[in-house]
Amino acid sequence: MTATLTPYQAESYLETRAYNEGITVDELLDMTPTSVSDHPVESAMFWQQRDYSHKFPVSLYPEMADDPDNAMPEDSSVNRQRGADIMTSEEEYLATLDNEILASEIDLSYSGDVDTCYLEYVPDTLPFFGLF
């Protein structure tokens with residue numbers, strides 16, 4: 001994954017995305033995995049690949065349309081396949097897991113903050129010290 005947004009463009013994207021969903025940027029970031037919510041470009045990369053999915057569909061529960069507690073990021077194909085059905089707890093769990101995987105991939109691939117992370121070398125084999 002290559003970031004094509006500048007931090008300014010990413011912030012603008014997040015502001016627009018939050019506004020379109022009827023929530024604040026802080027509320028949008030609260031539902032964004034923490035591994036990417038600390039950086040605007042990573043957050044934007046994440047949200048570009050996610051729907052703002054309602055747990056209780058707006059078509060049946062219009063009063064919950066702007067409630068951030070009724071929403072979460074979700075893969076668009078999964079969200080659209082469910083349609084107007086209520087999200088089950090299993091679907092919510094799987095969406096959360098899928099979000100964490102995507103966020104980790106973005107966090108590891110985005111080179112804009114390489115100086116803040118490191119990889120620890122772990123050898124394939126441990127030396128034998130005669131303890132056995």
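Select arginine 82 and glutamate 74: both are buried, where buried means under 20% relative accessible area, exposed over 50%, and partly exposed in between (1.4 Å probe, protein chains only). The side chains of these two residues meet in a salt bridge, with N and O 2.5 Å apart; the term denotes a side-chain nitrogen of Lys or Arg within 4 Å of a carboxyl oxygen of Asp or Glu.

The model is predicted: local features need pLDDT of at least 70, side-chain atom pairs count only at pLDDT 80 or more, and totals for chains, interfaces and linings use all residues. Residues are numbered from 1 along each chain as its sequence is written, and side-chain values use heavy atoms, with hydrogens and water left out.

Next, select aspartate 75 and arginine 50, which form a salt bridge with their closest N and O atoms 3.6 Å apart. This pair links distant parts of the chain, 25 residues apart: aspartate 75 is in the loop between strand E2 (71–74) and helix H5 (76–82), and arginine 50 is in the loop between helix H4 (40–47) and strand E1 (51–54). Helices (H or I, at least four residues) and strands (E, at least two) are DSSP runs, numbered from the N terminus. Arginine 50 is buried, at 6% relative accessible area, whereas aspartate 75 is partly exposed, at 22%.

Then select glutamate 92 and lysine 55, whose side chains meet in a salt bridge (3.2 Å, N to O). Glutamate 92 lies in helix H6 and lysine 55 in the loop between E1 and E2, 37 residues apart.
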